[in-house]
Amino acid sequence: MARITQRDIADALGVSVVTVSNALSGKKGVSEELRGEIIRKAEELGMNPGKYGARSMDHYTIGIYVSGWYISVGTSFYWEMYQKTAYAASRRRCFTMLEISDKFHEEPLPRLLQDGGKIDGLIIIGKIREDSLQKIMETAKIPIVLMDFNDPSFGCDAVLSENYYGMYRATQCLAAAGHREIGFLGDFAAYRNGMERFFGYRKCLMERGLVYDPAFTLTEKKTSSGETCVELPDHLPTAFACSSDYLANFMVQAIEKRGLRIPEDISIASYDHYLQKKLSFGELTTYEVDMDKMAKTAVKRLIRRMRGDTGKPITKYVEGKMVYGDSIRRLK
């Protein structure tokens, strides 16, 4: 069997020999997608990329760490995000190991990182306790990418949905339908995503010349039995922008318990597009998070780091799209 050369790979892919050489030796100037394609072609033709310094694309093991709080809630937005991330990693010929923390007793250090660890990189999906994140950053000697949350103080790459712009667009749907009193549901003080969505809502009100009324800014409550609920004020606006479909579901329950209808009495626009069931009125109008692209982006960033990229931390915002349902009434 003839020895495979860099020229053979270059001819097979229609690129230059210099590009193949740079890709295999880990030099700059080659995109990660093309580098991966070159390495895969080299392996396919029978070459060992390792002799040029390249690491085989199927030798990375990626740890994925998710808080139990996010996995256990309903149909779980984060469970689907994990599945898409694992799939994106497999498409790049990487292995994944999942760890779900105990939602009541989150360990300071994930087991994925204990006893020396057996992973080459870590993706953390969803916000975890600050002391746990601090411990991970102090201990881990591997690249880390944060997904759907960020903490700039730790200097990590992060991949987020467009919280600010997405909530702005959702609120804009209500304003464009003629609503002048628009409330907000979401815990904007507790986490960064909620804060960014709140300010997207406020931006839309300001641009439209609409008055912000703090009495219409609501957060979820807990009943004596620990169930989530929404307590409505006596006087209601004609519409609410909800910071997640999960919370929108409780808003719908509270509105219907009051004897009101959606969208005839109250209109709703939301964020996420992950509810699996139809509600009594049909489907929500909501901003859909592009989880596929977020997963691919997070895996791509982590692979770049595992391959030796030491550049400045990057925060990537992934754009989604509006999905129009049956929850907004157009006013005259």
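**View 1. Aspartate 148 is a buried residue with a positive phi**. Aspartate 148 has a relative accessible area of 3%, so aspartate 148 is buried (buried means under 20% relative accessible area, exposed over 50%, partly exposed in between; 1.4 Å probe, protein chains only). Its phi is near 70°. Aspartate 148 sits in the loop between β4 (144–147) and β5 (157–161). Helices (H or I, at least four residues) and strands (E, at least two) are DSSP runs, numbered from the N terminus. The model is predicted: local features need pLDDT of at least 70, side-chain atom pairs count only at pLDDT 80 or more, and totals for chains, interfaces and linings use all residues. Residues are numbered from 1 along each chain as its sequence is written, and side-chain values use heavy atoms, with hydrogens and water left out.

**View 2. Arginine 93 also has a positive phi**. The value is near 60°. Most residues other than glycine have a negative phi. Arginine 93 is found in the loop between α5 (77–91) and β2 (95–100). Its relative accessible area is 31%, so arginine 93 is partly exposed.

**View 3. A cis peptide bond joins isoleucine 262 and proline 263**. Omega is about 5° here. Most peptide bonds are trans. Proline 263 lies in the loop between α9 (245–257) and β11 (267–272).

**View 4. The cysteines form zero disulfides**. A disulfide is a covalent bond between the sulfur atoms of two cysteines; here it is counted as a pair of cysteine sulfur atoms within 2.5 Å. For cysteine 94, the nearest cysteine sulfur belongs to cysteine 156, 18 Å away. Cysteine 94 is buried, at 8% relative accessibility.

**View 5. Helices α2 and α3 cross at roughly 90°**. Helix α2 covers residues 17–25, and helix α3 covers residues 32–45. Their axes come within 9 Å. Axes are lines fitted to C-alpha atoms, for helices over the stretch in contact, and angles run from 0 to 180 degrees between N-to-C directions. Thr19, Val20, Asn22, Ala23 and Leu24 in α2 meet Leu34, Arg35, Ile38 and Ile39 in α3. Contact means heavy atoms within 4.5 Å.

**View 6. The largest nonpolar core has 48 residues**. Such a core is a set of buried Ala, Val, Leu, Ile, Met, Phe, Trp, Tyr and Cys residues joined through side-chain atoms within 4.5 Å. Among the residues that touch the most other members are Ile62, Met81 and Ile123. Helix α10 (residues 291–306) gives the most to this core, with eight residues. Isoleucine 123 touches residues including Ile62, Tyr65, Met147 and Leu302.

**View 7. Phenylalanine 281 belongs to another core, of 20 residues**. This core lies apart from the largest one. Its members include Leu236, Cys242 and Ile266. Phenylalanine 281 lies in the loop between β11 and β12 (285–288). With a relative accessible area of 16%, phenylalanine 281 is buried. Not counting residues up to four places away in sequence, phenylalanine 281 touches Val252, Ile262, Asp326 and Ser327. Phenylalanine 281 and glycine 325 are 44 residues apart in sequence, yet 9.5 Å apart in space, C-alpha to C-alpha.
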